[in-house]
Amino acid sequence: MIIVNLDVMMAKRKISLGELADRVGITQANLSILKTNKAKAIRFSTLEAICRELDCQPADILEYSPDES
Amino acid sequence: MPSIPLRVSRRASTVISYFLSLLLLPVLVLLALFMPHIADAYLRVAPNFSGPIPPSLWTAIYLALAIAVIADGALLVLLRRVRREAVFSAPSVDCLRILSYACFGETLCFAFVGFFFPFSFAVSFAACFIGMAMRVVKNVIEEAAAIKAENDFTI
């Protein structure tokens with residue numbers, strides 16, 4: 001499974017959920033879905049906007065972990 | 001292409017369907033209440049059937065009416081979800097599943113009644129066909145619900 005480590009990067013950059021949502025151009029609800037690993041897919045445009053605002057690479061916020069089922 | 005007369009808007013169509021389904025409930029209740037009188041009237045003209053209606057036939061008739069009430073309830077729930085624009089979801093799939101099972105239930109009831117009144121076999125066949133069609137519609141909506149969930153959780 002893909003784990004989204006958005007909260008880690010947000011804490012490093014000291015940016016709140018609401019502020020990041022505004023800058024990226026998505027709703028807080030959607031960003032929360034992403035942050036809590038409930039999202040099923042992410043658009044490249046959204047990933048690009050998040051990486052731009054957090055000044056990071058996709059690998060900094062996306063991590064692959066083998067399923068433990 | 002010429003315009004089709006009496007074509008109503010999507011919303012009006014849903015409202016019409018909803019009120020027709022709502023109207024069906026008291027009709028079914030009245031049918032249940034007056035079924036003995038309706039049966040008496042029918043028996044006076046029914047060919048090749050004499051004597052009182054056996055309890056098993058009454059059971060099948062009232063069971064068919066009860067299943068119709070359940071199916072109508074599922075229709076109303078489904079139409080309310082359509083009005084709320086929440087049709088592609090698991091509860092809607094459940095409503096369609098109930099409708100298909102209700103049709104199969106009616107198939108069995110009318111098949112039993114067919115042993116007393118052969119015309120009921122035709123009604124039973126029609127109910128079975130509609131039940132199968134509802135199964136396919138359920139499969140389609142289930143797939144649509146999965147696609148919608150995928151889209152809704154695409155950020």
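**Chain B: fold and surface**

Reply: Read along the sequence, chain B follows the pattern α-α-α-α, with helices being DSSP runs of H or I of at least four residues and strands runs of E of at least two, numbered from the N terminus. This is a predicted model, in which local features need pLDDT of at least 70 and side-chain atom pairs count only at pLDDT 80 or more, whereas totals for chains, interfaces and linings use all residues. Residues are numbered from 1 along each chain as its sequence is written, chains are lettered from A and ligands numbered from 1 in the order in which they are written, and side-chain values use heavy atoms, leaving out hydrogens and water.

Me: Why is Arg11(B) called exposed?

Reply: Its relative accessibility is 58%, and exposed means over 50%, buried under 20% and partly exposed in between, with a 1.4 Å probe and protein chains only; therefore Arg11(B) counts as exposed. Arg11(B) is found in helix α1, residues 10-45.

Me: What makes Phe34(B) partly exposed?

Reply: Phe34(B), which also has its place in helix α1 of chain B, has a relative accessible area of 44%, so it falls between the two cut-offs and is partly exposed.

Me: How does the radius of gyration of chain B compare with that of a compact globule?

Reply: Taken over C-alpha atoms, with the globule rule being 2.2 Å times the number of residues to the power 0.38, a compact globule of 155 residues would have a value near 15 Å, but chain B has 19 Å.
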